[in-house]
Amino acid sequence: MNIRLSTKFMIGMGLIVSLAVGSLAVLFYEYVKTVYVQQTFQKTDLVFGHVDATMKYIDEELRPKMFNILPKDEFVLEAMSTSFVNKGVMDRFSDLFPEYVYRRVALNPMGSHNQPNAFERGYIKRFSENPEGELNWKGLVTSGNKDFFIHLKGVKMEKKCGICHGDPSKSPKSLIDHYGTVNGHNWPEGKVVGLVSMAIPMDATFSRLQQVALSIFLVGLIGVALLTVFLYYFYYVF
């Protein structure tokens, strides 16, 4: 009877310790996953900050200077269009960091490559319904059986954007010659007309975290097994 009770005790303790080790592995995975997602958000925020700084420089420094130099109705896209310059900069950024997927879209864009997909349309609508609220969203999204961290920021039509996206009759002739008068014009000031997004794949990172968590669990089980054998030997043999 004593042997049976002691055996049950050791089995019970082994199960309890195994459950504790499993819980520890799960907690480790969730904690590290949360920390990594927060760090990823900070990375996207840094990229957006660089983009905003570049566009602000064009708006406040480069474009006014170019207007003073160029003849009337001339507009150099490569130096004066914030969207055009931003696309060129981010294309080169993507070449250096292909895991970062940057997009800038609008409901009625001048260029067809800036058309939003269904997911982006949904968030443009969401931001549009509350233009004075928080034009920012971040989270994990699954697309095509892959996990992505996505950071979205709504783009609001501002007065300074009117030179390109306002009344086409007041836009520079060279800009109209390039894009026409149908798309990307007459955007109402103050309205959310599009968004920028940064997506980073997370599958590889989550897979590595799962492997580490599983390793912790397996090492814990091996430790429990060795402890059980030691106790059994000490109790019955020694």
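These legends describe close-up views of a predicted model.

View 1. Ile 16 belongs to helix H1, which covers residues 2–69. Ile 16 counts as exposed because its relative accessibility is 54%, and the cut-off for exposed is over 50%.

**View 2. The largest pocket and the residues closest to its centre.** The largest pocket holds about 1,100 Å³ of space. It is lined by 46 residues, of which Met 55, Thr 82, Ser 83, Arg 104 and Val 155 are the closest to the centre.

**View 3. Elements that line the largest pocket.** Two or more lining residues come from each of H1, helix H3 (82–96), strand E1 (101–106), strand E3 (146–156), helix H5 (162–165), helix H6 (173–179) and strand E4 (192–201). The largest contribution to this lining is that of H3, with nine residues. Sorted by class, the lining of the largest pocket contains 22 nonpolar, 12 polar and 12 charged residues.

**View 4. The second largest pocket.** The volume of the second largest pocket is about 230 Å³. Its lining consists of 13 residues, and those closest to the centre are Asn 117, Phe 119, Glu 120, Ile 150 and Ala 199. At least two lining residues are supplied by each of E1, helix H4 (118–128), strand E2 (136–143), E3 and E4. Eight residues of the lining of the second largest pocket are nonpolar, three are polar and two are charged.

Key:
Residues numbered from 1 in each chain as written. Predicted model: local features only at pLDDT ≥ 70, side-chain atom pairs only at ≥ 80, totals over all residues. Heavy atoms only, no water. Helix = DSSP H or I, 4+ residues; strand = E, 2+ residues; numbered from the N terminus. Buried < 20%, exposed > 50% of the residue type's maximum accessible area, 1.4 Å probe, protein only. 1 Å grid on protein atoms, 1.4 Å probe; cavity = no way out; pocket = protein on both sides within 12 Å on 5 of 7 lines; lining within 4 Å. Points joined across faces, edges and corners; volume = space filled by probe spheres on them. Nonpolar A, V, L, I, M, F, W, Y, C, P; charged D, E, K, R; others polar.
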